[in-house]
Amino acid sequence: MDSRCYAFFFAVTSLTVIALAYDPDSLQDLCVADHSSGTKVNGFTCKPESSITASDFFFAGIGKAAVVTNAVGSAVTGANVEKIAGLNTLGVSLSRIDYAPGGVNPPHTHPRATEVIYVLEGELDVGFITTANKLFAKTVKKGQVFVFPRGLVHYQKNNNKAKPASVISAFNSQLPGTQSIAATLFTATPAIRNDVLATAFQIGTKGIEKIKSKLAPKKG
């Protein structure tokens, strides 16, 4: 992957964090996440400086396309503080999204971050919806960028039914969080009552059960 792509996204997210930080600002040079600590804080506790290594700041997982095997036709590979411990308190992260031909990254939100995508390959139909219920949609191609404001419902679709597509996403949070609208509503634990969903979507409870059965996690 072109090193200029990484530099661009880190520059964009760093400037965004300076302008309006959603993650707490760091008060020291390094606070590498100690994933083994049982202490609960807003973020992660810091490793002892003596145990920090260069590997804490490295991740090779988004250098190649993921294998897409799910029904919606997309796979997200995160490069956040859960994968890169050195991102703790820095307020930035990346993801790679790979789309099968015709694949969709279904409507979802990131409650803790704005997202900027850079198209690596292919052509995508993308859009987000404001709280006034207005859709902003556009087709983006290789080398182009699109922004999804923090917390707003958005989606991407590979509009080529013959070729895959991929993007790099940048976030101004070390762990932006993701809520898929369909999964949130129909696979919550405990489950949302069928009559609530039936009223919300104006369909019968049998229709709700059918949707739930399609979205239920597959048992191994």
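## Strands β3, β10 and β8

In this predicted model, H108 stands opposite S180 in β10. Two bridges join β3 to β10, and the two run antiparallel. On its link to β8 (residues 153–158), β3 has three bridges, again antiparallel. There, V104 stands opposite K157 of β8. Helices (H or I, at least four residues) and strands (E, at least two) are DSSP runs, numbered from the N terminus. Two strands count as paired if DSSP finds at least two bridges between them.

These pairings belong to an open sheet of five strands, ordered β6-β5-β8-β3-β10, with antiparallel pairing. β6 (135–141) and β10 (179–180) are at the edges with a single partner strand each, so one side of each is left without a neighbour in the sheet. Strands of a sheet pair through backbone hydrogen bonds, either parallel or antiparallel.

## How to read the numbers

Residues are numbered from 1 along each chain as its sequence is written, and side-chain values use heavy atoms, with hydrogens and water left out. Because this is a predicted model, local features need pLDDT of at least 70 and side-chain atom pairs count only at pLDDT 80 or more, while totals for chains, interfaces and linings use all residues.

How many of the residues of strand β9 (residues 165–171) are buried? Seven of its seven residues are buried, where buried means under 20% relative accessible area, exposed over 50%, and partly exposed in between (1.4 Å probe, protein chains only). A165, V167, S169 and F171 point one way from β9, S166, I168 and A170 point the other way, and all are buried. In a regular strand the side chains alternate between the two faces of the sheet.

## Helix α3

Now for a helix. In α3 (residues 194–201), N194, L197 and A198 are buried. They cover an arc of only 100° around the axis (the arc being that of the directions from the helix axis to the C-beta atoms), which puts them on the same side of α3. An α-helix has 3.6 residues a turn, so residues three or four places apart point the same way.

The buried residues of α3 pack against α2 and α4. On the face turned away from the buried side, α3 carries the exposed residues T199 and A200. Just after α3 comes Q202, with a positive phi of about 55°.

The largest pocket holds about 750 Å³ of space. It is lined by 32 residues, and N70, V72, N105, P106 and S180 are the closest to its centre. By class, the lining has 14 nonpolar, 14 polar and four charged residues. Ala, Val, Leu, Ile, Met, Phe, Trp, Tyr, Cys and Pro count as nonpolar, Asp, Glu, Lys and Arg as charged, and the others, Gly among them, as polar.

The second largest pocket has a volume of about 320 Å³. Its lining has 20 residues, with D23, P24, N42, G43 and Q174 nearest the centre, and divides into eight nonpolar, eight polar and four charged. On a 1 Å grid over the protein atoms alone, a pocket is an open set of points where a 1.4 Å probe fits, with protein on both sides within 12 Å along at least five of seven lines; lining residues have an atom within 4 Å of a point. Grid points are joined across faces, edges and corners, and a volume is the space filled by probe spheres set on the points.

P24 is partly exposed, with a relative accessible area of 46%. Leaving aside neighbours within four places in sequence, P24 is in contact (heavy atoms within 4.5 Å) with N42 and T89. P24 and G43 are 19 residues apart in sequence, and their C-alpha atoms are 8.7 Å apart in space.

K64 lies in the loop between α1 and β1 too. Is K64 buried or exposed? K64 is exposed, with a relative accessible area of 67%. Beyond neighbours within four places in sequence, K64 is in contact with R96 and D98.
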